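Subject: Handover of a protein structure

Dear colleague,

Please find the structure below, followed by a description of what was found in it.

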Amino acid sequence: MSPEITKPNGKLQAAPLRSMPPPSSFTPVTPHLAISPTVSVVVPAMNEAENLPHVFATIPQWVDEIVLVDGNSVDDTVAVARRLRPNVKVVTQTGKGKGDALAAGFAACTCDIIVMIDADGSTDGREIINFVGALVTGADFVKGSRYAAGGGSDDLTINRRLGNKVLTGIVNVMYRTQYTDLCYGYNAFWARHLDVLDLDCDGFEVETLMNVRAAKAGLKVHEVPSHERNRIHGESNLHVVRDGFRVLKTILKEWRRQPSPPQPEPTATPAADRGVA
């Protein structure tokens with residue numbers, strides 16, 4: 001590990017090295033890779049009992065915590081989740097909508113890193129390592145992108161593709177970002193930035209809200225390629241026109257909102273160190 005170099009008064013000076021976390025704090029990911037931060041995965045779900053066996057099978061065993069946010073399902077969603085992962089943390093949603101579910105799930109997380117995936121099988125839990133890897137190597141917020149090299153989608157209709165392209169372009173112009181994919185629900189971030197994101201929306205516009213607030217707060221945002229798959233069972237609650245207008249409204253509303261300052265990186269707690277071994 002190299003020392004950080006500072007330049008006070010025009011003179012180069014080596015800053016002290018950050019202490020390495022003890023080996024016991026690292027979680028094995030592969031035979032050649034381990035990480036020290038702990039990882040929570042939030043899965044909002046409503047009547048997804050048929051899809052959860054596939055979704056949970058893709059979530060790596062090294063993930064420390066799975067938080068299932070149940071939207072008052074009338075099927076066996078909660079029972080199936082507990083059978084698949086007996087240590088799953090179940091949060092019962094009191095409001096409605098994906099944004100509300102994610103806010104409830106994030107509040108229940110206890111780990112250093114939070115990853116959000118969908119319960120319909122469209123997001124692949126095996127990609128979580130790519131998000132975590134980007135975070136521990138310097139990013140504050142990591143976006144999945146279906147348009148980045150190596151990404152793709154089996155589920156994007158012409159209308160969804162066009163709407164996403166237009167909305168992404170508007171955000172890039174207004175907020176001076178370089179996003180390639182605005183309306184995608186696979187994201188990860190350091191839990192200490194929850195106050196910056198400050199989720200206060202109910203619907204599918206939540207991904208846009210997070211992306212815009214991360215940019216306005218000056219967080220280091222990194223995109224990683226992701227492949228979206230078709231929903232396995234059931235029907236989506238997404239309505240292209242209705243939710244598209246909600247996204248546009250969110251973009252314009254955020255233009256007038258003052259950003260929250262990001263939280264500094266902690267230095268005392270080994271578990272929160274951005275360590276990779």
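Is Cys109 buried or exposed? Cys109 is buried, with a relative accessible area of 14%; buried means under 20% relative accessible area, exposed over 50%, and partly exposed in between, with a 1.4 Å probe and protein chains only.

Please note that this is a predicted model, in which local features need pLDDT of at least 70 and side-chain atom pairs count only at pLDDT 80 or more, while totals for chains, interfaces and linings use all residues. Residues are numbered from 1 along each chain as its sequence is written, and side-chain values use heavy atoms, with hydrogens and water left out.

The protein has eight helices and 13 strands; these are DSSP runs numbered from the N terminus, helices being H or I of at least four residues and strands E of at least two. Of its 277 residues, 48% are buried.

Seven strands form an open sheet of mixed pairing, in the order β7-β6-β5-β8-β11-β9-β12; two strands pair if DSSP finds at least two bridges between them. β7 (89–92) and β12 stand at the edges with a single partner strand each, so one side of each lacks a neighbour in the sheet. The twist averages 20 degrees from one strand to the next.

Strand β9 (residues 141–145) has five of its five residues buried, so it is largely enclosed by the rest of the structure. Phe141, Lys143 and Ser145 lie on one side of β9, and Val142 and Gly144 on the other. β9 pairs with strand β11 (residues 187–190) in the antiparallel sense over three bridges, with Asn187 of β11 as the bridge partner of Lys143. With strand β12 (residues 221–225), β9 pairs in the parallel sense over five bridges; there, Gly144 stands opposite Val224.

Helix α2 (residues 77–84) lies across β5 (39–45), β6 and β7, at about 170 degrees to β6. Helix α3 (residues 98–108) lies across β5, β6, β7, β8 (113–116) and β11, at about 145 degrees to β6. Axes are lines fitted to C-alpha atoms, for helices over the stretch in contact (heavy atoms within 4.5 Å), and angles run from 0 to 180 degrees between N-to-C directions.

With a disulfide taken as a pair of cysteine sulfur atoms within 2.5 Å, the count is zero. The cysteine sulfur nearest to that of Cys109 belongs to Cys111, 7.1 Å away.

Yours sincerely
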